[in-house]
Amino acid sequence: MITKILEITYSEYSSVNELPQKDANLLNAAVEALNGSYAPYSNFNVGAAVLLDNGVIVKGANQENIAYPSGLCAERTALFSAHANYPDNKVVSIALTSSQNGLLLATPPFPCGACRQVMAQTQTRNGSPLKIIIGGSDKILVFNSVESLLPFIFASEEVGKHE
């Protein structure tokens, strides 16, 4: 048996003002995207914003449905919209934040497993790392690739591969 250790590296900021301007703009767009959230059941609003390599920012927000599995997370809303409307552009980064009862949550909202897998597929399709910015009112976390949130990604190049 071999025991291995997995480490991740990320940056933590205490304010949006500490971020590089491009990242701050994207996180502010995610905050704006909260306005499009439809969360009458959980009152947990999530906003996401995706930066494309052409400079365009695409926003998304969570959409709940009375039949819970029929809703969709903000991250996937933004990523799917970006690819549907700009199929030839790469996604450079994604920012997300959350609020409840109109107030940003102090703790950054981590994406669910399904959203992490969509981010992994986006990164694989792009052929380059996807930066992930997760903002709360008390701290902001920045990850330089999806592997930091989903270390053993299921990638298309693995399908059908045997050792």
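View 1. Cys-112 is partly exposed, with a relative accessible area of 31%, whereas Cys-115 is buried, at 0%. Buried stands for under 20% relative accessible area, exposed for over 50% and partly exposed for values in between, with a 1.4 Å probe and protein chains only.

Residues are numbered from 1 along each chain as its sequence is written. In this predicted model, local features need pLDDT of at least 70 and side-chain atom pairs count only at pLDDT 80 or more, while totals for chains, interfaces and linings use all residues; side-chain values use heavy atoms, with hydrogens and water left out.

**View 2. The largest nonpolar core.** A nonpolar core is a set of buried Ala, Val, Leu, Ile, Met, Phe, Trp, Tyr and Cys residues joined through side-chain atoms within 4.5 Å. The largest one has 25 residues, of which Val-50, Leu-79, Ile-94, Met-119, Leu-130, Ile-132 and Val-146 touch the most other members. Elements that give two or more residues to this core include helix 2, strand 4 (91-100) and helix 3 (113-126); helices (H or I, at least four residues) and strands (E, at least two) are DSSP runs, numbered from the N terminus. Apart from this core lies another, of 12 residues, among them Leu-19, Leu-26, Leu-27 and Ala-95.

**View 3. The surroundings of Val-146.** Leaving aside neighbours within four places in sequence, Val-146 is in contact (heavy atoms within 4.5 Å) with residues including Met-119, Leu-130, Ile-132 and Ile-153. Arg-116 and Gln-123 are also among the contacts of Val-146.

**View 4. Asn-126 in helix 3.** Asn-126 counts as buried, at 7% relative accessibility. With neighbours within four places in sequence left aside, Asn-126 is in contact with Lys-90 and Val-91.

**View 5. The lining of the largest pocket.** A pocket is an open set of points on a 1 Å grid over the protein atoms alone, where a 1.4 Å probe fits, with protein on both sides within 12 Å along at least five of seven lines; lining residues have an atom within 4 Å of a point. The largest pocket holds about 300 Å³ of space. Of its 20 lining residues, Phe-44, Val-46, Asn-62, Leu-72 and Cys-73 are the closest to its centre. Helix 2 gives the most to the lining, with three residues.

Definitions and conventions: Points joined across faces, edges and corners; volume = space filled by probe spheres on them. Nonpolar A, V, L, I, M, F, W, Y, C, P; charged D, E, K, R; others polar.
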